[in-house]
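Here is a short report on a predicted model. It goes from the pairing of the copies to the packing inside one chain.

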There are 2 protein chains.
Amino acid sequence: MQAASTGAKNRALQIVAAALTTPATVSGILAANAVDVATAVAAGLSPALVDRLKLDEARLAALARAVREIEALPDPVGGIDDLVARPSGIQVGRMRVPLGVVLIVYESRPNVTVDAAALCLKAGNAVVLRGGKEALHSNRALAGVVRAALKESGLPEDAVVFVDDADRELLYGLLKRTAEIDLAIPRGGTALIDAVNEQARVPVIQHYQGICHVYVHAAADLDTAERVIVNAKVSRPGVCNAAECVIVDAAIAPAFLPRLAAALSARGVELRGDERARGLVPSMHAAAPADFDTEFLSLVMAVAVVDDFDAAVTFVDRHGSRHTEAIVTNDHSAAMTFLRRVDASCVLVNASTRFNDGGELGLGAELGISTTKLHAYGPMGLQELTTRKFVVLGHGETRGTPP
Amino acid sequence: MQAASTGAKNRALQIVAAALTTPATVSGILAANAVDVATAVAAGLSPALVDRLKLDEARLAALARAVREIEALPDPVGGIDDLVARPSGIQVGRMRVPLGVVLIVYESRPNVTVDAAALCLKAGNAVVLRGGKEALHSNRALAGVVRAALKESGLPEDAVVFVDDADRELLYGLLKRTAEIDLAIPRGGTALIDAVNEQARVPVIQHYQGICHVYVHAAADLDTAERVIVNAKVSRPGVCNAAECVIVDAAIAPAFLPRLAAALSARGVELRGDERARGLVPSMHAAAPADFDTEFLSLVMAVAVVDDFDAAVTFVDRHGSRHTEAIVTNDHSAAMTFLRRVDASCVLVNASTRFNDGGELGLGAELGISTTKLHAYGPMGLQELTTRKFVVLGHGETRGTPP
């Protein structure tokens, strides 16, 4: 795969996209999916989980479009950056190369099978897919589509391996294969991520929960603050870059909190405030301490009032999950200090937390948002699925001998 | 530390460098070192190990120079790359920031205490130093010098913590502190690295052994090949970027191997060849299979003859340690294919493997050569001790609303 041409990789992706809208293939995938859905219903899974599992023609067509978008992205592999001549006479550069073999561990959404495989393949990696047992038939059918496409385009079909057994011990064994696997990426709830991190001896990049804040600084424009917070909370409350907590500077809280509460309540958001917030908006629910460490993923939002800028940064340090943090302010110095001081994969000034997304930040498709600082911090696009090695172009140079 | 100014960090490094040549401090360090050396001699450690442990005024002066070199390097923290405007109206960039807390686990050389601390501090990281028990007194004294310098320059002295207890269980506990430690770097033999990797739940970057090859292609210039191999093997045989094995293309082996054997033998190198190599140079020792998977770190070199280019790449895949691999050839296409196909932290054309070094490649001081593909593949300089977060400069933008 490391030496696969861009043309062959793109051809494989075209074949996958075409298959996902070809009636014979679609009906095979939907039949497999129906088995999973029937099993899930019989087992009494919640309607939300059953919905996550369910495929239909429209969802497969959306998946096909996603694959075509990945095909259209530039191939990250093989380019050489920063080629410079050194005093010894050698030229030194850094060539972008695939990571190698990536193990993706995921839960019930079967579209991850195709999404993750397509991104890994485009970056020249081999991928081992280990999905949840609820989606076993669907995942097997989708992985079969990708493997067939690889074969048809002259690439090794084993560049995509589907682990056709959701046994935990088997997974834990894979996570220890340091000689064969270069990276494991768990995608799912915190229990899955914790289990992978505990068991793995291979490197892991975590996509952990987003406990994201918007801090309304004393010098904030209040219209901007309201607009940003409403968007950050309401536009899609169930995703990791939605805001879970507002921090309001004490100096501006009396002017801002009542209007914010009105705006959010009108959109069905339940507010849970600390004592100072409730002093200004008595209709707020009282927040329990745990509310400030919770990823609600719903129309619930915690509210805290803080003394000043330093207290806000301290609050974020203590309660944030290093995912996405925003400040609203017109004070340039406060904005710049917040950018530098706050430790999160994406730090924003006067913009919604919802922008922490591969597409919005300009990376194209993404495999998720890493909260691991090493290698990839933030959305993982194609480039983050590669690494760089040093390359040296010489003319017979030896070390320690004058050129 | 994350917000520490370049000035304060450089001041601390200046104070460290000055202390390492100040008589009162020097005599304190040497007295502590004398305790370690006496204990090592009494315990019957080999003279080579005792020498690694030993400090004197010249070695401390060299350490002071190394610290001044780190001080002179540009501060990697705070710069923003790739600031671009997005269609939504936001500006997106990537700010270089410290990793956080780095745990360095090392063996008997006490200079690592100062080297590693200086690099980590300059990159804005806090560092936890856990050295070997043979060097406990020396390391404690050196860490004390760095801590005093931090305090004197107004930085938190706990940005450098020395683990004053070489107990293994204590180390294993530290390696599981995922909430407090962002990265562990083991520096030492393979047993140490394997133990750290086995125990760690925090991310680990390995600096593993170098089983490095020079491949003499059919189209090699034979003078260049001889010069490169002699340098790669003989200039410093005990380091990780020294070559351990020569692979010679069958087409050129009859012309090249006899002269190579003569050149290396004249410099005291013992050659261990496979059957084909010994067919051409009968005076070579017979290589055992394990010789092709050994980091000799001495004047011993394995020699193999291969059929062609593909066989050479396969040989490197099988026996290399992803550290440093070189080809000697005048065939442009073979050179470019080798660069692309061979998976190692540094791949060279017509140059000695000894160039895989932070100073030679242009990174300045380094913490070692990573053979982990994630985050840093190859020499780890200051930049590799940082990460990048996304920063967004907005004007009140919200997602999903046209700008």
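Chain B can be laid on chain A by a turn of 180 degrees and a shift of 0.0 Å along the axis, with an RMSD of 0.0 Å. Superposition is by least squares on the C-alpha atoms of residues with pLDDT of at least 70 in both copies. The two copies are thus related as by a two-fold rotation axis. In chain B, the C-alpha nearest that axis belongs to His375(B), 1.9 Å away.

This is a predicted model: local features need pLDDT of at least 70, side-chain atom pairs count only at pLDDT 80 or more, and totals for chains, interfaces and linings use all residues. Residues are numbered from 1 along each chain as its sequence is written, while chains are lettered from A and ligands numbered from 1 in the order in which they are written.

**Interface**

In all, 61 residues of chain B contact 61 residues of chain A. Contact means that the C-beta atoms, placed from the backbone, lie within 7 Å. On the chain B side, β2 (91-98), α8 (190-199), α9 (222-234), α13 (332-341), β13 (346-351), α14 (358-361) and β16 (386-397) each supply at least two residues. Helices (H or I, at least four residues) and strands (E, at least two) are DSSP runs, numbered from the N terminus. The largest share, eleven residues, comes from β16(B). By class, this side has 24 nonpolar, 22 polar and 15 charged residues. Here Ala, Val, Leu, Ile, Met, Phe, Trp, Tyr, Cys and Pro count as nonpolar, Asp, Glu, Lys and Arg as charged, and the others, Gly among them, as polar.

Since 100% of the interface residues of chain B are also interface residues in chain A, the copies meet through the same surface. Strand β13 (residues 346-351) of chain A and β16(B) are parallel partners over five bridges. Pairing requires at least two DSSP bridges between the strands. Leu348(A) has Val392(B) as its bridge partner in β16(B).

**Sheet in chain B**

Four strands form an open sheet with parallel pairing, in the order β5-β4-β3-β6. β5 (160-162) and β6 (183-187) stand at the edges, each with a single partner strand, so one side of each is left without a neighbour in the sheet. The twist averages 20 degrees from one strand to the next. β4 (residues 126-130) pairs with β5(B) over three bridges. One of these links Leu129(B) to Phe162(B).

Helices cover this sheet. α8(B) touches β3 and β6 of chain B, at about 160 degrees to β6(B). α5(B) lies across β3 (101-106), β4, β5 and β6 of chain B, running at about 165 degrees to β4(B).

**Helix pairs in chain B**

| Helix pair | Axes come within | Crossing angle |
|---|---|---|
| α2 (23-42) and α6 (136-152) of chain B | 6 Å | roughly 160 degrees |
| α4 (57-72) and α5 (111-122) of chain B | 10 Å | roughly 10 degrees |

Axes are lines fitted to C-alpha atoms, for helices over the stretch in contact, and angles run from 0 to 180 degrees between N-to-C directions. α2(B) and α6(B) are therefore roughly antiparallel (over 145 degrees). Their contact residues divide into seven nonpolar, five polar and two charged. α4(B) and α5(B) are roughly parallel (under 35 degrees). Their contact includes Leu63(B) and Val67(B) of α4(B) and Val114(B) and Leu119(B) of α5(B). The residues there divide into seven nonpolar, one polar and three charged.

Key: Angles under 35 degrees count as roughly parallel, over 145 as roughly antiparallel, 65 to 115 as roughly perpendicular and the rest as oblique. Two residues are in contact if their C-beta atoms, placed from the backbone, lie within 7 Å.
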